[in-house]
Amino acid sequence: MNLTLEAPAKLNLSLRVVGKRQDGFHEVITHMVKLPGLHDTLEFSAAGAFQFVCDDPTVPSDGQNLVVRAARAYEAATSRPCRQKVVLRKSIPHGAGLGGGSSDAATTLLGLEKLNPDPLGAGRLSELAAALGSDVPFFLHPGAAICTGRGETIKPVEGPPLRVLLLKPGFGVATPDAYGRWSGAKEVPGISYASQPLTGVTLSNDLERPVFSKHRFLAELKQWLRDREDTDAALMSGSGATVFAVLREGANAGAIADEARQSLDPGLWSWSGETGPNTPIQNKRPI
């Protein structure tokens, strides 16, 4: 049996870092939504033994990859070899704060669960997901959620429909580095870190301070988007390096992205669409 599944990206509309836990992770409260139109694709087909292939040569294909780790975790949980070839087709940039690797891992678990004649069930699947990474459990569930703990405790909520523009420079941000700089991080002068209230949600991100202090360009990109008349708000997603703007009615996302490339960085990757279940209009450009 062949199976094809989409692994959607996510945005953090809010991310509060409460403190550091005894297990080394950080306690967070974050409101996450999915971007259905921006997704990786995973293709499953029967094979004599587990195989993993990715169309992006920069993505590791060994045990560092979360797809491979998810498949091995599922094998261990079922005590049954995973005889599937999994082909990953990447569209979500990595090091972007968009949850691409976590979404790929969760979708791998969901795919193997669909193909298993004796499935593990939602509870056991959630345990496997939490062991793989803090954001992985979020992608097992449809829709938006408030995630707490280190991110593994999921409370489904209504996701506000927002029209957004995403911009990312050619570099990525490592999540451990962002959290490692969180304590004592200072603000970049001239950059607004204030919460941004919108209808149904307030945008804020506690990781902007540590990330912006190291990557000043991201601070400038956010402020450039915030200062525009055709945007309602702008925020870094997760640990970066993606910055997104909430667009006002009638705003031309493609024109804004082109202007950003002309004014700030000609290599900016961009995507525009809507959060939630609606099918967005895409505007992708490779890095």
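A pocket is an open set of grid points where a 1.4 Å probe fits, with protein on both sides within 12 Å along at least five of seven lines. In this predicted model, the second largest pocket holds about 380 Å³ of space, and the largest pocket has a volume of about 1,200 Å³.

**Second largest pocket**

- The second largest pocket is lined by 18 residues, of which Pro8, Lys34, His141, Pro142 and Gly143 are the closest to its centre.
- Strand 1, strand 2 and helix 2 are the elements that give two or more residues to the lining of this second pocket.
- The lining of the second largest pocket comprises ten nonpolar, five polar and three charged residues.

**Largest pocket**

- The volume of the largest pocket is about 1,200 Å³, and among its 49 lining residues Leu66, Ser102, Asp135, Thr175 and Pro176 are the closest to the centre.
- At least two lining residues of the largest pocket come from each of strand 1 (3–20), strand 2 (26–46), helix 1 (66–78), helix 2 (100–115), helix 3 (122–132) and helix 4 (175–180).
- By class, 22 residues of the lining of the largest pocket are nonpolar, 21 are polar and six are charged.

**Nonpolar cores**

- The largest nonpolar core has 34 residues, and those that touch the most other members are Leu42, Phe44, Phe50, Phe52, Val86, Leu109 and Leu132.
- Two or more residues of this core come from each of strand 1, strand 2, strand 3 (51–54), helix 1, strand 4 (84–89), helix 2, helix 3 and strand 5 (144–148).
- Helix 1 gives the most to this core, with seven residues.
- Not counting residues up to four places away in sequence, valine 86 touches Leu42, Glu43, Phe44, Phe50, Gln51, Phe52, Val53 and Val67.
- Another core, of 32 residues, lies apart from the largest one and includes Val17, Leu165, Leu218 and Ala219.

**Helix 6**

- Helix 6 (residues 216–226) is largely enclosed by the rest of the structure, because eight of its eleven residues are buried.
- The buried residues of helix 6 are Phe217, Leu218, Ala219, Leu221, Lys222, Gln223, Trp224 and Leu225.
- These buried residues pack against strand 7 (163–168), strand 8 (196–198), helix 5 (208–214), strand 10 (231–236), strand 11 (243–247) and helix 7 (253–263).

**Selected strand residues**

- Valine 201 is found in strand 9 (residues 201–205) and is buried, with a relative accessible area of 7%.
- Leaving aside residues up to four places away in sequence, valine 201 touches Leu13, His31, Pro160 and Gln196.
- Valine 201 and aspartate 265 stand 64 residues apart in sequence and 30 Å apart in space, C-alpha to C-alpha.
- Threonine 41, in strand 2, has a relative accessible area of 16%; this value is under 20%, so threonine 41 counts as buried.
- Beyond its neighbours within four places in sequence, threonine 41 is in contact with Thr4, Leu5, Val87, Leu88 and Arg89.

**Aromatic pairs**

- The structure holds two aromatic pairs.
- Phenylalanine 138 and phenylalanine 139 form an edge-to-face pair, because their ring centres are 5.1 Å apart and their planes are at 70°; both residues are buried.
- The rings of tyrosine 193 and phenylalanine 212 have centres 5.9 Å apart and planes at 50°, so this pair is tilted.
- Tyrosine 193, in the loop between helix 4 and strand 8, and phenylalanine 212, in helix 5, are 19 residues apart, and their pair links distant parts of the chain.
- Both tyrosine 193 and phenylalanine 212 are buried.

Methods. Residues are numbered from 1 along each chain as its sequence is written. This is a predicted model: local features need pLDDT of at least 70, side-chain atom pairs count only at pLDDT 80 or more; totals for chains, interfaces and linings use all residues. Side-chain values use heavy atoms; hydrogens and water are left out. Buried means under 20% relative accessible area, exposed over 50%, partly exposed in between (1.4 Å probe, protein chains only). Helices (H or I, at least four residues) and strands (E, at least two) are DSSP runs, numbered from the N terminus. Contact means heavy atoms within 4.5 Å. On a 1 Å grid over the protein atoms alone, a cavity is a set of points where a 1.4 Å probe fits but cannot get out, and a pocket is an open set with protein on both sides within 12 Å along at least five of seven lines; lining residues have an atom within 4 Å of a point. Grid points are joined across faces, edges and corners, and a volume is the space filled by probe spheres set on the points. Ala, Val, Leu, Ile, Met, Phe, Trp, Tyr, Cys and Pro count as nonpolar, Asp, Glu, Lys and Arg as charged, and the others, Gly among them, as polar. A nonpolar core is a set of buried Ala, Val, Leu, Ile, Met, Phe, Trp, Tyr and Cys residues joined through side-chain atoms within 4.5 Å. Rings of Phe, Tyr and Trp (its six-membered ring) pair if their centres lie within 6.5 Å; planes under 30 degrees apart count as stacked, over 60 as edge-to-face and the rest as tilted.
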